[in-house]
Structure formats: structure tokens, C-alpha cells
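Biologist: I'd like to go through the ligand site and the open spaces in this one. Can you put it up?

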Amino acid sequence: MNPNKALWEKGDFTQIAALMRQSGEALVKSLGITPPLRVLDLGCGDGTTAVPLARLGAEVVGIDIAKNLVDAGNRRAAEAGLNQLKFQEGDACSLQGVNDHSFDLTVSIFGAMFAPKPFDVAREMVRVTKPGGRVVMGNWIPNDPTSFVSQLLKISASFTPPPPEGFISPMTWGVDAHIVERFGKAGVPPEKISMVKDTFYFGSPDRSPADLIETFRRFYGPTMNAFEAAEKSGKVEELHKQLLEMANAQSTSADGGTSIPATFLRVTVSL
Ligand SMILES: C[S@@+](CC[C@H](N)C(=O)[O-])C[C@H]1O[C@@H](n2cnc3c(N)ncnc32)[C@H](O)[C@@H]1O
């Protein structure tokens, strides 16, 4: 089994996505789209951005490597009566069956960054987007203490065996020079790429930071793997303590809920 697919089919990312819906909607609004237009949401999960994109009237295809998330997305689309939204399985490294220049806009919010071959991913996103269109990525930023998921993954990785040789960290998608190099190889000059820091909120008014960490522990593949490794090395308590300290320190909610502002890099590529 493809380890990239196995990681994201492990657990149930819909439980994490439930903590991200508000920012997903806000991000989509900020794209300033005017239908009719065709949008690809790559690494779409169960539709945190694909659903609001379709609600705004776009025709949306969500592509994701995880079958359970594609199924969950199609259920959400059906429940919402969004006939112009379809989810399908696919790999951002090789978008087989997707024609060149199919989309006005390709969006990938914390999605394509997790595919293992970043140069292929950049090439594919450019290939399937129309000339005159846009690619918009949201990427976590390495070594930024305010980039919540980057910190969560850093802590998780410190309890997990090292990745196989040749593994390219997804976090490299949060570094300007890598982004320019990858899109450059796909034929996009640097002046067509803009990168700004933005904020995505994780949380819920009625769930504590401890509850949030418990959700990652039970349902988020990378954190599940870290706890499995920590169990073997007898370090579960230490891992839990570090994650909880981080979530408590970053949550700005004072009323028993959780609200974690997480900095990310918003990349816009104009084609
Ligand atoms: C952190 S989740 C983000 C999901 C969604 N964009 C959201 O904001 O809720 C990462 C997503 O990328 C997907 N993914 C990881 N590697 C992928 C690949 N090679 N091709 C397509 N999707 C991939 C995962 O299955 C998962 O749904």
C-alpha cells in the first residue's frame, strides 16, 4: 500500500476538519471568485474548502488520495444538495485522467503539501490549470512557533522513527525558496508567485485544548503514529504533555473552548 495513502486513510481526518470549517469558509470568501468557473480542490479532505466553493456557485472537483475522505466528501455534497461538487480519488503527484488546462482555479489548502514528490505536484497543478488562471496553496511553515500544525508535526516527529531516506518534508512547502524553485521547474517565473502569511483558526467554542489534542491523538494519522511509537518507547505521557502544553499556550479562548490561530503561508501563482 502507498504509505502516503495509508497515512491519510488511517484514523478519520473528518474529525479534525470539523475544527477547521469556519476558516475554510473565510478563506474561500477571500478568494474573490465570480462564477461560472471550474475549480479543482486538491488534497480536499471531506471538503472544508470544496463545499463553500460550490456554495458560491463554482463547479468543483475535489481530488484526494484517501478513499474514506472522498466518500465523506461525496456524502456532504449530497446532503447539501450540491450537484456541481464531485469528489474523486487521485494523487497530486500524477493527476491521471485530468486534462491539461481543465480548471480556472486550483486550490490546495494543507493538501498537496503532503504529497511526496513536490516537483511533480507543482508541475501537475500548473498543467491542469488554464492559462490566465490561478493556483492557490495554503502551507504550514516550518520552525514557526505560531504555525500550529507545523509545531504539532514537529513534536510528533520527535517521538517517531526517522522517515525513509529520500523523504522530503511537507514543511518545505512553507519555505519561499522551495516554492519558487518548484514552480520555476514547472515553467512559472518568480514574479508570478506571491507569498503572504495568513491565519487559520482551529477550535470549537465547547471543546477544550485537551479535548482537541485527544481528537488529534485518536483521528489524525501522523499523531496516531507518534503515540503508537511513544507507547513502544514508554514516552506516551511525555508526548501528551508536550502537545497539551503547546495547545494550551496557543489557544486564545478564555471560556472553556479552544481557538488556536495558526499561521500559514498563502501562495498564489498567476498563470
Ligand atoms: C491536512 S488534510 C487537509 C484537507 C483539506 N484540504 C482541509 O483543509 O480540510 C491533508 C489532505 O491531503 C490529502 N493528501 C495527502 N497526500 C495526497 C496526495 N498525494 N494526493 C492527493 N491528496 C493527498 C490527504 O488525504 C488529506 O485529505
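Predicted model: local features only at pLDDT ≥ 70, side-chain atom pairs only at ≥ 80, totals over all residues.

Biologist: Ligand first. How many residues surround the ligand, and which are the closest?

Modeller: The ligand has 20 residues around it, and the closest are Asn4, Gly43, Asp64, Ala92 and Ile109.

Biologist: What is the make-up of that shell, by nonpolar, polar and charged?

Modeller: The shell around the ligand has 12 nonpolar residues, six polar ones and two charged ones.

Biologist: Which backbone atoms come close to ligand nitrogens? Start with Gly43.

Modeller: A polar backbone atom of Gly43 is 2.8 Å from a nitrogen atom of the ligand. For Ala92, a polar backbone atom is 2.9 Å from a ligand nitrogen. With Ile65, the distance from a backbone N or O atom to a nitrogen of the ligand is 3.3 Å.

Biologist: And how much of the ligand's accessible area does the protein cover?

Modeller: On its own the ligand has 600 Å² of accessible area, and the protein covers 99% of that.

Biologist: What volume does the largest cavity have, and what lines it?

Modeller: Its volume is about 450 Å³. There are 35 lining residues, with Gly43, Gly45, Asp64, Phe110 and Gly111 nearest the centre of the cavity. Gly43 and Asp64 are also among the residues closest to the ligand.

Biologist: Which elements supply that lining?

Modeller: At least two residues each come from α1, α2 (14-17), β1 (38-42), β2 (59-64) and β6. By class, the cavity lining has 23 nonpolar, eight polar and four charged residues.

Biologist: What about the second largest pocket, how much space is in it?

Modeller: About 200 Å³. Its lining has 15 residues, and those nearest the centre are Gln22, Gly203, Ser204, Pro205 and Thr258.

Biologist: Which element gives the largest share of that lining?

Modeller: β6 does, with four residues. α3 (21-30), β6 (193-204) and β7 (258-270) each supply at least two. β6 also supplies at least two residues to the lining of the largest cavity.

Biologist: And the classes in that second pocket?

Modeller: Six nonpolar, seven polar and two charged.

Biologist: Change of topic, the backbone. Which peptide bond is cis?

Modeller: The bond joining Pro35 and Pro36 is cis, with omega at about 10°. Pro36 is in the loop between α3 and β1.

Biologist: What is phi at His101, and where is that residue?

Modeller: Phi of His101 is near 55°, a positive value in a residue that is not glycine. His101 is in the loop between β3 (85-89) and β4 (103-109).

Biologist: Why flag those two?

Modeller: Because most peptide bonds are trans, and most residues other than glycine have a negative phi.

Notes
Residues numbered from 1 in each chain as written. Heavy atoms only, no water. Near = heavy atom within 4 Å. Polar contact = N/O pair within 3.5 Å; in protein donor to acceptor, adjacent residues only side chain to side chain. Areas by Shrake-Rupley, 256 points an atom, 1.4 Å probe, with all protein chains shown as cover. Nonpolar A, V, L, I, M, F, W, Y, C, P; charged D, E, K, R; others polar. 1 Å grid on protein atoms, 1.4 Å probe; cavity = no way out; pocket = protein on both sides within 12 Å on 5 of 7 lines; lining within 4 Å. Points joined across faces, edges and corners; volume = space filled by probe spheres on them.
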